[in-house]
Amino acid sequence: MVPSRPSLTLFAHLVSRPESEIDLVQAALVFAESEYPSLDVARYVATLEGLGRAAARRIAQAAPHGTTEERVRVVLEWLYGSQGFRGNAEEYYDPRNSYLNEVLDRKKGIPITLAVILLDVATRAGIDAKGISFPGHFLVGAGEREKEASRLALENRAVRRLGAPNVNLVIDPFHGRILGNTELEALHARVTGAGPRVDPRLLEPCSKRQILARMLSNLRSIHASRGDDERLRNVLEHLVAIAPSPELTRELERLGGSRAILARPSAHRSFN
């Protein structure tokens, strides 16, 4: 596998944008191009657009004036029920689980790649959704807690209380379900080995760069454990584009140094 240098250059350009302008799906697919040079980015973007439109139609039919929880349940039933997306528990460390094109094709992945799909579809369906970089198991938050509480108070309805500081709901994208406090505490105890109490700071929304960095860090660990230096080098070059560090530089030097020239792309590419 010889990484595509134009792909890396474009990736660096995409992740250098202000947070509000970073297109998470495009960046994830452009990264995947380094492993799949013939990947049709526009086709996968169109697939997600179609999933988002279908989810919006289902919300309009089933919960047009629903709470965030009611609308999220419609989206989860659409993605994980009707469409069959699921966590790949059988082959959790298969590298394909970390490439968005593979997850869309095979409809199975790990929490963070399934989260990228859920975030995109939910957002297209009108739900305010954010990634949560929970230790050991990436999560998705939905709805702004204060806005939801205010809206439901006006409608004389109860808001679901969860120990998350800025979101109304916490979703497990691996299993496609909303987590209550007890389930969240059990997950925390299982993945951290610590007590069940969840520090609210662990539920703060994370940035798109942090999502991409965590996705690539998963692949970094897999390729390192397999001794696949060529693919490891490619992942490290992309990680440097997101957040350079002396540690990444030293590891790249051990592998022969970076081949990247992170200039802005000379031609504009459209994915619409």
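Student: How many salt bridges does a search of the whole structure find?

Tutor: The search finds 14 salt bridges. Keep in mind that this is a predicted model.

Student: Which residue forms a salt bridge with Arg231?

Tutor: That is Glu35, with the closest N and O atoms 2.9 Å apart. The pair links distant parts of the chain, 196 residues apart. Arg231 sits in helix 10, residues 229-242, while Glu35 is in the loop between helix 2 (24-33) and helix 3 (41-62).

Student: Is Glu35 buried or exposed?

Tutor: Glu35 counts as buried because its relative accessibility is 17%, and the cut-off for buried is under 20%. Arg231, at 26%, counts as partly exposed.

Student: What does Arg220 pair with?

Tutor: Arg220 meets Glu247 in a salt bridge of 3.0 Å, N to O, and forms another with Glu251, where the closest N and O atoms are 2.5 Å apart. Glu251 lies in helix 11 and Arg220 in helix 9, so this pair ties together parts that are 31 residues apart in sequence. Both Glu251 and Arg220 are buried.

Student: Changing topic. What is the strand order in the open sheet of 4 strands?

Tutor: The order is 3-4-5-6, and the pairing is antiparallel. Strand 3 (129-132) and strand 6 (177-179) are the edges, each pairing on one side only. On average, neighbouring strands are turned by 40° against each other, direction ignored.

Student: How many bridges are there between strand 3 and strand 4?

Tutor: There are 4. In one of them, Gly131 has Val140 of strand 4 as its bridge partner.

Student: Which helix lies across strand 4, strand 5 and strand 6?

Tutor: Helix 8, residues 181-192, which runs at about 90° to strand 6.

Student: Which residues of helix 8 are buried?

Tutor: Leu184, Leu187 and His188. Seen down the helix axis, they fall within an arc of 100°, so they line one face of helix 8. These buried residues pack against strand 4, strand 5 and strand 6. Thr182 and Arg190, on the other side, are exposed.

Student: What follows helix 8?

Tutor: Gly193, with a positive phi near 75°.

Student: Which residue has a positive phi although it is not a glycine?

Tutor: Lys107, at about 60°. Most residues other than glycine have a negative phi. Lys107 lies in the loop between helix 5 (100-106) and strand 2 (108-109), and its 27% relative accessibility makes it partly exposed.

Notes:
Residues are numbered from 1 along each chain as its sequence is written. This is a predicted model: local features need pLDDT of at least 70, side-chain atom pairs count only at pLDDT 80 or more; totals for chains, interfaces and linings use all residues. Side-chain values use heavy atoms; hydrogens and water are left out. Two strands pair if DSSP finds at least two bridges between them. Helices (H or I, at least four residues) and strands (E, at least two) are DSSP runs, numbered from the N terminus. Axes are lines fitted to C-alpha atoms, for helices over the stretch in contact, and angles run from 0 to 180 degrees between N-to-C directions. Contact means heavy atoms within 4.5 Å. Buried means under 20% relative accessible area, exposed over 50%, partly exposed in between (1.4 Å probe, protein chains only). The arc is that of the directions from the helix axis to the C-beta atoms. A salt bridge is a side-chain nitrogen of Lys or Arg within 4 Å of a carboxyl oxygen of Asp or Glu.
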